[in-house]
Amino acid sequence: MSEGSFVERLQTGLWADNPGLVQLLGLCPLLAVTTTFVNGLGLGIATLFVLTFSNILVSATRRWIQHDIRIPVYVLIIASLVTCIELIFKAWFPSLDRSLGIFIPLIVTNCAIVARAEVFASRNSVMSSFADGIGMGIGFTVLLVTIGFVRELVGQGSILSRMDMLVGGDAMSGLVLVDGGWLLAVLPPGAFFCLALAVAAKSAIDRRRLLARHAKMPRRLRQSPHG
Amino acid sequence: MTDHVMKSGLTLAAIAAICTALVATTYQGTKARIAANEQAWLEQSLEPALAGVFFEGSVTESKLVIPTPHELPGRDDVIVYRVFAEAQPVAALFAVTAPDGYAGPIRILLGATYDGVVTGIRILEHRETPGLGDKIVSSRSNWVFQFDGHSLDNPELTGWALKRDGGQFDQLTGASITPRAVINAMRETLLYFAAHRDEIFSQAANGDDE
C-alpha cells in the first residue's frame, strides 16, 4: 500500500476502501448500535479516536517491535486506548455510555482497528498512519450515522432524537415526524437491509463513474468495465 | 535464541508498562466525574423504583451506607435510602450488587415498602450480553416489572426463583445466569430487610451528602 498524500488517504478511507462498505469490517457494532443517529455518532467518534491513536502508536513504535510479538503489542495498545475512551465516555457522556453499553468496550474486538494496525500503520510513517486512521475512522462514522439516521427515520419516525446524550442538557426528542414507525427498521433485519442498500448504492455510483470515464477514453484504450 | 526471547519479553513489558500508565492516568483524571455521574444516575432512578408509594420530602435525604462486611449480596458497600411520610417509615431503597452476573457484577436498585412489598427494581449497571442478558434493563423489556407487588410471603420463599429452577418468575430466553443473579440478589436483600428493618430505619443517616 502506497503512502500517498494526506487527502488521498482520507479519500481511501472515506470511499475507496471504506472499512464498513468495502472491507465489511466491524459489522457487529455497526449493525447493533445503529438504531439511532446519536448512537451511531457516539460509537463512530469512539472508534475514530481509538483507530487514529492506535495507528499513531503502532506506527511510532514499529521500528522497535519484533515481528513475532507485534500482535500482542497491538492488542495491548488497542485495549488500553479503548479502556481510556470508555472512562472518558463514562465521565463526560454518561447517558450515551449507558445507551451504547457493552459496545464501547467491545471496540477492542473491532477487527477494522487491528486490520489497519497490521496492514497499514506497521508499514508506514506516523503522518500517513495518522491520515489513514482519520480517513478510516471518518469513513466508518459516516456509515454508522447514515444507517442510524435511516433506521431512526423509518423505524421511529424521528430525526436526531436524544442528541442531549452527546451535547448535554435536558432530554431532546429531536424532530418527530410521525409517532412510531416501521418497527422492522430498528430490529436487526433492518440493519442488514440498510447496510445492503448502502453497499449497493456505493457499487452503483462506482460503476457509473467508471462508465463515464470509459466513455471519455479514446476507443483503442477502452477496456470492459466488467474486466 | 535466548537473546531474542529476552528482547521480545522486555519490549512487551515496556509496552505494557506504558499502556498501564496511560490507563492509570485516565482513571485518575476521570474518577471523580464518574463517581458523581453514578450517584446522579442512582438518584434519578430512585423515584421510578417507588411506584405507588406516597412520601414526603426528598428521597435522597435519608441515606444510609452499610459498609462491608455485611450479609447483603455483593462485595460493595450497600446504599440504603429510607423513605418517610409523616415521620413514619414507609419504604426503603437498596442499591446492591449481584456478584454473579454472566459478565461481572450487576448493580441493582430495589425498592420495597416498610412491609417488604417490592415497589420497583431498576438495573443501574451491568455488562450482560446485548439482546439476551440485557433484557433485565427496564428500557429493553418488561422483565423487571414482574416483581412489582410481590413480597417474601407472595410467593413463598421457594417461589423466589426462575420457573426453570422451580420458582414463580419468568426467565429470559437465551439467558439464565443473568436473571438468576438478579433474583438471588433480590431475595437476599428482602430477607435482610425483613430481619433488620427496625435497625435500618432507626440508624442516623451516614451518607456523605451535604
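The questions below concern chain A of a predicted model and its contact with chain B.

Q: What makes α3(A) roughly parallel to α6(A)?
A: The axes of helix α3 (residues 37–60) of chain A and helix α6 (residues 111–119) of chain A cross at roughly 25°. Angles under 35 degrees count as roughly parallel, so α3(A) is described as roughly parallel to α6(A). The two axes come within 9 Å, and the crossing of α3(A) past α6(A) is right-handed.

Q: Which residues of α3(A) and α6(A) meet?
A: From α3(A) come A:V50, A:L51, A:S54, A:N55 and A:V58, and from α6(A) come A:I113, A:R116 and A:A117.

Q: How do the residues of the contact of α3(A) with α6(A) divide into nonpolar, polar and charged?
A: Five are nonpolar, two are polar and one is charged. The residues concerned include A:S54, A:N55 and A:R116.

Q: Why are the buried residues of α6(A) said to be on the same side?
A: The buried residues in α6(A) are A:A112, A:I113, A:R116 and A:A117. Around the helix axis they cover an arc of only 135°, so they lie on the same side of α6(A).

Q: What makes a residue of α6(A) such as A:I113 count as buried?
A: The criterion is 20 or more other C-beta atoms within 10 Å of its own, and A:I113 is listed among the buried residues of α6(A). The cover over the buried residues of this helix includes α3, α4 and α7 (126–156) of chain A.

Q: How many of the residues in chain A are buried, as a percentage?
A: Of the 227 residues in chain A, 42% are buried. The C-alpha atoms fill a box of roughly 60 × 50 × 25 Å along the principal axes.

Q: What elements does chain A have, and in what run from the N terminus?
A: Chain A has nine helices and two strands. Their run is α-α-α-α-α-α-α-β-α-β-α. Among contacts in chain A with a separation of 6 or more, 75% join residues 24 or more positions apart.

Q: Which helix of chain A gives the largest share of the side that touches chain B?
A: The contact takes 20 residues from chain A and 19 residues from chain B. Helix α4 (residues 70–92) of chain A supplies 11 residues, the largest share of the chain A side. By class, that side has 14 nonpolar, four polar and two charged residues.

Conventions
Residues are numbered from 1 along each chain as its sequence is written. Chains are lettered from A and ligands numbered from 1 in the order in which they are written. This is a predicted model: local features need pLDDT of at least 70, side-chain atom pairs count only at pLDDT 80 or more; totals for chains, interfaces and linings use all residues. Two residues are in contact if their C-beta atoms, placed from the backbone, lie within 7 Å. Helices (H or I, at least four residues) and strands (E, at least two) are DSSP runs, numbered from the N terminus. Ala, Val, Leu, Ile, Met, Phe, Trp, Tyr, Cys and Pro count as nonpolar, Asp, Glu, Lys and Arg as charged, and the others, Gly among them, as polar. Axes are lines fitted to C-alpha atoms, for helices over the stretch in contact, and angles run from 0 to 180 degrees between N-to-C directions. Angles under 35 degrees count as roughly parallel, over 145 as roughly antiparallel, 65 to 115 as roughly perpendicular and the rest as oblique. A crossing is left-handed if the near helix is turned anticlockwise from the far one by less than a right angle, and right-handed if clockwise. A residue is buried if 20 or more other C-beta atoms lie within 10 Å of its own, exposed if 12 or fewer, and partly exposed in between; C-beta atoms are placed from the backbone. The arc is that of the directions from the helix axis to the C-beta atoms.
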